[in-house]
Structures are given as structure tokens and as C-alpha cells.
Number of protein chains: 2
Amino acid sequence: MDMIETFKALSNPTRLQILMWLKDPEANFPEQGGHPGVPDDLKGGVCVGSIRNKAGISQSTASQYLDVLQRCGLLLSERHGKWTYFRRNEEAITELAQFVGGEL
Amino acid sequence: MDMIETFKALSNPTRLQILMWLKDPEANFPEQGGHPGVPDDLKGGVCVGSIRNKAGISQSTASQYLDVLQRCGLLLSERHGKWTYFRRNEEAITELAQFVGGEL
DNA sequence: TTGACATATCGCGGTATTACGATATGATGT
DNA sequence: ACATCATATCGTAATACCGCGATATGTCAA
């Protein structure tokens, strides 16, 4: 896990916000769900469009931000049909917390 | 504590390294000490010149980096004579660790 | 196959960061 | 007052990041 890339990813207010919103997808993305073949509990993550709406950024920026968060390992993505669902990678976040709480 | 500024400060390899070196000043800055009127145990911190040498960067860059780390609260500085001694702000680092380990 | 939709990638101008040398400030000793 | 040393600030060119619209790719439905 590249800590420099991770800190860089977190040093943008919108990206930090997205990561925190994804702690509670049900509360923060209520309009999500109801996609064909996808359960309503949002365990699998939230799609780009929902995040884009919530954050108030363009589609290309949303896609790019999520890519940055995924590249450094903080998010995981899974494609179902036309949608790409993003969710937190709790292992990576725990690893980051251990680094900051211990080695840093 | 501005988390965005803090993450920005940490997203530079040299600055991250400096913060980690300052966990153990005695081991990482052995040539430090012996300044008139300053105890040898380095409890008060390490001066800019020692950090500059260790990091292999220019004097102006060292001063600027340390200022960035201080502005976001990760370092504290104290002037004694012509030297400015920098040391870690453990309270701030603990606060950061709690944020990453809890709210993030 | 064609159209519609979701997402990804490209290209751009604007802005910030990087790291430096040059110079200014501040402190010490003579 | 002066020279010297440590640090801070200024000005800079190179590079990276920001956020967007335009466009490309991939998926489904008819």
C-alpha cells in the first residue's frame, strides 16, 4: 500500500467526503437501489451516478475521483450490468489507520 | 485541525520521512547536539540544518517543508539562539490517528 | 442492429505544488 | 558596528493536479 498515493487521494475535500459517505451508504444514498438484479441493501456498493449527484460534480470528475480512490486501494469496484458499484475497502483503511497510529 | 492540509502535508515522501525520523531524533540525527545552551538529549527537537543534511535537500526547501508540517500542526518549533528546533506534536498526531481510525 | 444509458477516457486551460538559487531577516560573537 | 552563521522569504521554471466538456467504450432492451 502506497501511503503517499493514499494521502494524496485523501487530500481532496470531495474525495475525503465520498469515502466518509460510503461508511453509511443507506443513509447517504437513499435514491440508490432498485437497479435490476441488485439487492436493495447496498452491501455491494454505490454506483457512480449516485455519488456524482450527492457530490455535485461532473460525471467525468466523479469517475476520475473514484478511480483515484480505487488505485490507492481505499475503494473496491465491481461492475454489474451498466453500473459500476464502489464500496470501501475496510482492510486497506484499517491498514492505513494502523500506519498512522503506529509507524507514523 | 484541518485534515485536508494535514493529508496534503503527508503526501510528500520527504515530509513524511522527516516526520518519521523525528520519532527517534537521537538515532536519526546523531550529529545534532552540542549547540551552546541546548541539552544533548534532543528533547527540544532538531534544527533545520540537521534535517536538511539528512534529507539531502536545499536549505530553502527544508525550511519550507518544515513550515508546511508546522502549519498543519504536525510539528512544533522553538527558537533558541540562531537555531530553530522542530519536534513532533504528538497530540496532533494522536488526533489524526483517531480520525483515521474512527471517523474516516 | 440500433438506440439509450452508465461509465471511462481524452484533451484542455487554470491553478497549485515542487525544489531551487538568490536574497532578506535575525542572532551571536568580536 | 561588523562579519558570520542559521533560518526565513522571494521569485522562478518545471511539473502535477483540478474539474470540466467532448468523446469513446461497454451494456442492455427492443
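Analyst: Helices (H or I, at least four residues) and strands (E, at least two) are taken here as DSSP runs, numbered from the N terminus. The model is a predicted one. Read along its sequence, chain A follows the pattern α-α-α-β-α-α-β-β-α, with six helices and three strands. Of the 104 residues in chain A, 44% are buried. Among the contacts in chain A between residues at least 6 apart in sequence, 51% join residues at least 24 apart.

Two copies of a chain are related by a rotation about an axis and a shift along it. Here a rotation of 180°, with 0.0 Å of shift along its axis, superposes chain A on chain B with an RMSD of 0.0 Å. This is the relation of a two-fold axis. In chain A, the C-alpha nearest that axis belongs to Phe7(A), at 2.6 Å. As for the surfaces involved, 95% of the interface residues of chain A are also interface residues in chain B, so the copies meet through the same surface.

Phe7(A) is one of the residues of H1(A) that meet H1(B). Two packed helices are described by the angle between their axes and the distance between the axes. For helix H1 (residues 3-10) of chain A and helix H1 (residues 3-10) of chain B, the angle is about 150° and the axes are 8 Å apart. Angles over 145 degrees count as roughly antiparallel, and H1(A) is therefore roughly antiparallel to H1(B). The crossing of the two helices is left-handed. On the chain A side the residues in this pairing are Ile4(A), Phe7(A) and Leu10(A), and they meet Ile4(B), Phe7(B) and Leu10(B) on the chain B side. An α-helix has 3.6 residues a turn, so residues three or four places apart point the same way.

Burial in H1 can be read chain by chain. In H1(A), six of the eight residues are buried, and the helix is mostly covered. These buried residues are Met3(A), Ile4(A), Thr6(A), Phe7(A), Ala9(A) and Leu10(A). Their packing partners lie in both chains: H2, helix H5 (59-71) and helix H6 (90-103) of chain A, together with H1 and H2 of chain B. H1(B) is also mostly covered, with six of its eight residues buried. In H1(B) the buried residues are Met3(B), Ile4(B), Thr6(B), Phe7(B), Ala9(B) and Leu10(B). They pack against H1 and helix H2 (13-21) of chain A, and against helix H2 (13-21), helix H5 (59-71) and helix H6 (90-103) of chain B.

The loop between H1 and H2 of chain B holds Ser11(B). With a relative accessible area of 13%, Ser11(B) is buried. Leaving aside its neighbours within four places in sequence, Ser11(B) is in contact with Ile4(A), Phe7(A) and Lys8(A). Ile4(A) and Phe7(A) also take part in the pairing of the two H1 helices.

Next comes H2 of chain B, where Leu16(B) has its place. Leu16(B) counts as buried, at 8% relative accessibility. Leaving aside its neighbours within four places in sequence, its contacts are Met3(A), Ile4(A), Phe7(A), Phe99(A), Leu104(A) and Leu10(B). The C-alpha atom of Leu16(B) is separated by 9.2 Å from that of Leu69(B), 53 residues apart along the chain.

Leu69(B) belongs to H5(B), and is one of the residues there that meet H2(B). H2(B) and H5(B) pack at an angle of about 70°, with their axes 10 Å apart, and are therefore roughly perpendicular to each other. Thr14(B), Arg15(B) and Ile18(B) in H2(B) meet Tyr65(B), Leu66(B), Val68(B) and Leu69(B) in H5(B).

A last point concerns the cysteines. A search of the whole structure finds zero disulfides over all chains. For Cys72(A), which is in no disulfide, the nearest cysteine sulfur is that of Cys72(B), 19 Å away. Cys72(A) counts as buried, at 9% relative accessibility, and Cys47(B) counts as buried at 5%.

Conventions
Residues are numbered from 1 along each chain as its sequence is written. Chains are lettered from A and ligands numbered from 1 in the order in which they are written. This is a predicted model: local features need pLDDT of at least 70, side-chain atom pairs count only at pLDDT 80 or more; totals for chains, interfaces and linings use all residues. Side-chain values use heavy atoms; hydrogens and water are left out. Copies are superposed by least squares on the C-alpha atoms of residues with pLDDT of at least 70 in both. Contact means heavy atoms within 4.5 Å. A disulfide is a pair of cysteine sulfur atoms within 2.5 Å. Buried means under 20% relative accessible area, exposed over 50%, partly exposed in between (1.4 Å probe, protein chains only). Axes are lines fitted to C-alpha atoms, for helices over the stretch in contact, and angles run from 0 to 180 degrees between N-to-C directions. Angles under 35 degrees count as roughly parallel, over 145 as roughly antiparallel, 65 to 115 as roughly perpendicular and the rest as oblique. A crossing is left-handed if the near helix is turned anticlockwise from the far one by less than a right angle, and right-handed if clockwise.
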